[in-house]
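Here is a friendly walk through some surface and ring features. Please have the model open as you read.

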Amino acid sequence: MDWIFVQLPNFVDSFGVLLAVAAILVIVISGLGLPLPEDVPLFVIGYLCYAGAVPLWFMLPAAFIALLGADCTLYWLGRRYGSHLLTIWPFRTFLKPDRLARAEAAFHKHGGKTLFLVRFLPGLRAPAYFSAGMFRVPFWKMLVFDGSAALLSVPTLILLAYFFGAQLDNIRHWTERAQLSVAVVLFAIIGTVIAVKLLRSRRKLATPGAI
């Protein structure tokens, strides 16, 4: 995908608006589960805003709505059709049994927080949002947790490319490492909170007269 950032400046003047529309479509397609990196179209949008091809005030909400809309579509497909879709192309190509099993385990372990965490874990997003519908996770939780994560990731990636457009390729590599670090830190924090709660619960049960 690095070639995109090398060639992008050559096409901004002639195809800026078309590239912005294509980037929004890629966000939707990747959000629906196809294996396309979500950060690339967000960086492209940021760069197009940096170059003056499209307005930042319009592209920020458009990207957010496209991303959240794709996630919610997967949620409602899972809620409405469930496992029936797993035998139909193209859903069977990205809703793999092993990924769904990992998403299910994450829901059992972390509950609704999984919807926030998977935003930073490419490969698990689509199965997690689809599974949330299958497992009847309340829709408000989907909106709150996934929307909160999207409010962090979408503006951050777009604004990084907008303010540092001249160093776009370097910014992308730094962000990939940062996303991994954020995911590790979040899992560590949640694991610590769960461990503390379990320890307190056991101590409470071990205390004479505890209810």
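## Ground rules

Relative accessible area sorts residues into buried (under 20%), exposed (over 50%) and partly exposed in between, with a 1.4 Å probe and protein chains only. This is a predicted model, where local features need pLDDT of at least 70, side-chain atom pairs count only at pLDDT 80 or more, and totals for chains, interfaces and linings use all residues. Residues are numbered from 1 along each chain as its sequence is written, and side-chain values use heavy atoms, leaving out hydrogens and water.

## Aromatic pairs

Rings of Phe, Tyr and Trp (its six-membered ring) pair if their centres lie within 6.5 Å; planes under 30 degrees apart are stacked, over 60 edge-to-face, and the rest tilted. Seven such pairs occur in the structure. One of them joins Trp57 and Phe58 edge-to-face, at 6.0 Å centre to centre and 80 degrees between the planes. Trp57 is exposed because its relative accessibility is 67%, while Phe58, at 45%, is partly exposed.

Tyr75 and Trp76 also make an edge-to-face pair, with 5.2 Å between centres and 90 degrees between planes. Tyr75 is buried, at 0% relative accessible area, whereas Trp76 is partly exposed, at 42%. Ring pairs link Tyr75 and Trp76 with Phe139 in a cluster.

## A charge over a ring

Arg80 lies over the face of Tyr81, 5.0 Å from the ring centre. For this, NZ of Lys or CZ of Arg must be within 6 Å of the ring centre and within 35 degrees of the ring normal.
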